[in-house]
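Please look over the sequence and the 3D structure shown here before reading on. The paragraphs after them go from the whole chain to single residues.

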Amino acid sequence: MISSRFIWKVSVVGTSGSGKSSLISRIVYDSDNGAIGNKGLLRKKINVTYEGKPVESEFIIQEIDGFIENEKIMSGSSAIIIVADVTKELNEREIQKFIRFVSILERKPLMVIAATKIDRKYEAVTWQEDLDPISKMYKVPVYMVSSRMPDTVKKMTEDIATKLLERKNGKPQ
Ligand SMILES: Nc1nc2c(ncn2[C@@H]2O[C@H](COP(=O)(O)OP(=O)(O)OP(=O)(O)O)[C@@H](O)[C@H]2O)c(=O)[nH]1
Ligand SMILES: [Mg+2]
């Protein structure tokens with residue numbers, strides 16, 4: 001039996017072609033067909049066990065192209081997944097600037113970095129070590145994922161659901 005239900009708005013941000021739609025498609029349909037509509041909101045139920053009880057969370061997922069510093073959109077999000085393509089040079093400045101913008105919002109969303117396309121590791125130019133400094137400085141966790149590797153995405157999604165519940169319950173992050 002499900003003991004509680006929560007609805008969270010999750011925004012997926014990143015530059016064009018970074019893999020946002022493919023990640024969303026993996027989360028929502030368990031497929032890596034990135035040809036999902038770009039604009040609509042998609043929903044996905046995520047079940048996790050929290051403090052020994054099954055908890056159902058519903059993610060309402062929105063794809064946002066680029067690192068738009070829009071206060072209304074960002075503070076209306078419960079969580080933001082920042083997508084970085086490991087086959088592309090990391091734009092550290094842009095990501096840091098965006099994280100700083102989100103960090104000072106009064107209703108600060110949970111942020112994670114999804115370093116994606118790790119199935120193409122032979123073409124990778126960005127590594128976990130490149131993201132570690134940003135991750136440590138801003139306490140934003142990094143997930144090495146691929147829309148072609150379902151488990152990596154599932155783990156990140158469940159972690160986000162759990163962290164959102166912890167935040168709601170006032171647990172320090
Ligand atoms: N090998 C591999 N290719 C990926 C992965 N994620 C995305 N791609 C490919 O990268 C390209 C861009 O992916 P999209 O998911 O459309 O990226 P996007 O960020 O939604 O792009 P825009 O909506 O145009 O901004 C497509 O050709 C995908 O098939 C991945 O994890 N592995
Ligand atoms: Mg897209």
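This is a predicted model: local features need pLDDT of at least 70, side-chain atom pairs count only at pLDDT 80 or more; totals for chains, interfaces and linings use all residues.

Residues are numbered from 1 along each chain as its sequence is written, while chains are lettered from A and ligands numbered from 1 in the order in which they are written.

Start with the chain as a whole. It has five helices and six strands; helices (H or I, at least four residues) and strands (E, at least two) are DSSP runs, numbered from the N terminus. Along the sequence they follow the pattern β-α-β-β-α-β-α-β-α-β-α. The radius of gyration of the chain is 15 Å, close to the 16 Å that the globule rule gives for 173 residues, so the chain is as compact as a globular protein of that length. Here the radius of gyration is taken over C-alpha atoms, and the globule rule is 2.2 Å times the number of residues to the power 0.38. The C-alpha trace spans about 45 × 35 × 30 Å along its principal axes.

Of the 173 residues, 34% count as buried. A residue is buried if 20 or more other C-beta atoms lie within 10 Å of its own, exposed if 12 or fewer, and partly exposed in between, with C-beta atoms placed from the backbone. Among contacts with a separation of 6 or more, 72% are between residues 24 or more positions apart. Two residues are in contact if their C-beta atoms, placed from the backbone, lie within 7 Å.

Now turn to the sheet. In what order do the six strands lie in the open sheet? The order is β2-β3-β1-β4-β5-β6, and the pairing is mixed. Two strands pair if DSSP finds at least two bridges between them. The edge strands, β2 and β6 (142–144), each pair on one side only. On average, neighbouring strands of the sheet are turned by 30° against each other, direction ignored. Helix α5 (residues 150–168) packs on this sheet and touches β1 (4–14), β2, β3, β4 (79–85), β5 and β6. The direction of α5 makes about 70° with that of β2; axes are lines fitted to C-alpha atoms, for helices over the stretch in contact, and angles run from 0 to 180 degrees between N-to-C directions.

Strand β3 (residues 53–65) is joined to β2 by nine bridges, and these two strands run antiparallel. In this pairing, lysine 44 stands opposite phenylalanine 59, and asparagine 47 stands opposite glutamate 56. Strand β3 is also joined to β1, here by 11 bridges, and these two run parallel. Glutamate 56 is the bridge partner of arginine 5. The hairpin of β2 and β3 has two residues between the strands, and glutamate 51 in this hairpin takes a positive phi near 50°.

Next comes helix α1 (residues 20–29). Is α1 mostly covered or mostly exposed? The helix is mostly covered, with eight of its 10 residues buried. Lys20, Ser21 and Ser22 are among these buried residues, which as a group pack against β1, β2, β3, β4, β5 and α5.

Helix α1 also gives the largest share of the shell around ligand 1, three residues. The shell has 18 residues, and Gly19, Lys20, Ser21, Ser22 and Gly34 come nearest; a residue is near a molecule if its C-beta atom, placed from the backbone, lies within 6 Å of it. By class, the shell has no nonpolar, 12 polar and six charged residues. Ala, Val, Leu, Ile, Met, Phe, Trp, Tyr, Cys and Pro count as nonpolar, Asp, Glu, Lys and Arg as charged, and the others, Gly among them, as polar.

Most residues other than glycine have a negative phi. Just after α1, aspartate 30 takes a positive phi of about 55°. Aspartate 30 is exposed, because 11 other C-beta atoms lie within 10 Å. Lysine 117, in the loop between β5 (110–116) and α4 (128–138), has a positive phi near 70°. This lysine 117 is buried, because 25 other C-beta atoms lie within 10 Å.

Finally, consider aspartate 85 in strand β4. Aspartate 85 counts as buried because it has 21 C-beta neighbours inside 10 Å. Leaving aside neighbours within four places in sequence, aspartate 85 is in contact with Ser18, Gly19, Thr116 and Lys117.
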